[in-house]
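Open the structure in your viewer and keep the selection tool at hand. Each stop below says what to select and what is there.

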Amino acid sequence: MKDLNMTIECVCPFCGKVQLVRVNSDDYDKWENGELVQRAFPYLTPSQREALMTGICDDCWPS
Ligand SMILES: [Zn+2]
């Protein structure tokens, strides 16, 4: 299990809700360097990955 030593604050562009997503800082570096989000963070849920990429929260994501 990786140490999730970094907390990303994701603000929903629609409702302003703040979501905190905990990740590993090495994985975050990989993501910033172009790694696909699902490869960089295999331990996150799809909605957490969405929050990282766009900030859109579950409530605002069209279902
Ligand atoms: Zn929202």
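This tour of a predicted model goes from the core to a helix and then to the aromatic rings.

**The core.** Select Ile8, Cys10, Val21, Val23, Tyr28, Val37, Ala40, Phe41, Leu44, Ala51 and Leu52: these 11 residues are the largest nonpolar core. Now colour β1 (6-11), β2 (18-23), α2 (37-40) and α3 (46-54), each of which supplies at least two residues of this core.

**Helix α3.** Stay on α3 and pick Arg49, Glu50, Ala51 and Leu52, which are buried. Which residues does Leu52 contact, leaving aside its neighbours within four places in sequence? They are Ile8, Cys10, Val21, Val23, Trp31, Phe41 and Leu44. After α3 comes Gly55, with a positive phi near 85°.

**The aromatic rings.** The whole structure holds 3 aromatic pairs. Select Tyr28 and Trp31 to see an edge-to-face pair, with 5.7 Å from centre to centre and 65° between the planes. Both sit in helix α1, and because they are 3 residues apart, about one helical turn separates them. Tyr28 is buried, at 17% relative accessible area.

Next select Phe41 and Tyr43, another edge-to-face pair, at 6.4 Å centre to centre and 75° between the planes. Phe41 is buried, with a relative accessible area of 0%, whereas Tyr43 is partly exposed at 27%. Finally, select Tyr28, Trp31, Phe41 and Tyr43 together; they form one aromatic cluster.

How values were computed:
Residues numbered from 1 in each chain as written. Predicted model: local features only at pLDDT ≥ 70, side-chain atom pairs only at ≥ 80, totals over all residues. Heavy atoms only, no water. Core = buried A, V, L, I, M, F, W, Y, C linked by side-chain atoms within 4.5 Å. Buried < 20%, exposed > 50% of the residue type's maximum accessible area, 1.4 Å probe, protein only. Helix = DSSP H or I, 4+ residues; strand = E, 2+ residues; numbered from the N terminus. Contact = heavy atoms within 4.5 Å. Phe/Tyr/Trp six-rings, centres within 6.5 Å; stacked < 30°, edge-to-face > 60°.
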